[in-house]
Amino acid sequence: AYFMSGRYKDALNVAREARKRNPELASALWLEIRALIALGRTDKIGPLLEESRKLPPETGWNEGILMSDTGYYLLFHGHREEASGMYDGAIKYFRDLPEKEAGTRANRFWLADSLYEKGRWQEAKTIYEALRKEDPDNDIKSLGRLGMIAAKLGDKEEAERISALLESQPWSYPRGYHTSYRARIAAVSGEKEEAVRLLREAVSQGYPFSTLYDIIDLQSLKDNPPYMEFMKPKG
């Protein structure tokens, strides 16, 4: 909550308290890294990443995920050069994993996401296409990412086709995620009014509002008055 409201010093203090209470958790260490990035103290990140390599295994976390997430927030806060290097490290990590571990859906998603944010869209596209073929009835994320790649590559017809498919496919319990990807596709395509309309619709369908504040593909909307009003803290 502190982080979302821009109170980064408070977020850092709470993150450090979390680490004192849970020194073995990479997820707690990540909270400190994220706050430091937001405060512009990127010189403090390297030692924390080194420290993370000594932590015990934790479900949902590994060194590559930590590097990829660090790259994401570096990019989100405008540290493009540092982000690029972090993504290079994450990509190498996932590609160097033993074959069985590298082949899990989770690690393939993280590799594809790292390639996507790095701007290596064709490489990411190949992985997302394979992931979607394996689970065409449920994999909203891969289809959404393919739509955003099409938009980034200037293929308006394909982006619109995928957006329509996201809307029409009978997903099981999509909770607005399909519509949130349609909003991202619209934002990347420069259709700001449509993007904001779809974001409102996604939230009304159950998409968590709390995840909207740090989506890089929505940054083109940050100066858009309807989007600013929509994102304004309520209550």
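This report covers salt bridges in a predicted model.

## Basis

The model is predicted, so local features need pLDDT of at least 70 and side-chain atom pairs count only at pLDDT 80 or more, while totals for chains, interfaces and linings use all residues. Residues are numbered from 1 along each chain as its sequence is written, and side-chain values use heavy atoms, with hydrogens and water left out.

## Salt bridges and the Arg7 pair

The structure holds 26 salt bridges (a side-chain nitrogen of Lys or Arg within 4 Å of a carboxyl oxygen of Asp or Glu). One of them joins Arg7 and Asp10, with closest N and O atoms 3.0 Å apart.

Both partners are partly exposed: Arg7 at 43% relative accessible area, Asp10 at 27%. Here buried means under 20%, exposed over 50%, and partly exposed in between (1.4 Å probe, protein chains only).

## Links between distant parts

Arg145 and Glu117 form a salt bridge at 3.7 Å, N to O. The pair spans 28 residues, from Arg145 in helix α9 (residues 140-152) to Glu117 in helix α7 (residues 105-118). Helices are DSSP runs (H or I, at least four residues; strands are E, at least two), numbered from the N terminus. Arg145 is buried at 7% relative accessibility. Glu117 is buried at 14%.

Lys152 bridges to Asp217, with closest N and O atoms 3.1 Å apart. Lys152 lies in helix α9, and Asp217 in the loop between α12 (192-204) and α13 (225-231), 65 residues apart. Lys152 is partly exposed at 28%, whereas Asp217 is buried at 7%.

## Network

Salt bridges link Asp113, Glu117, Lys141, Arg145, Lys152 and Asp217 in a network.
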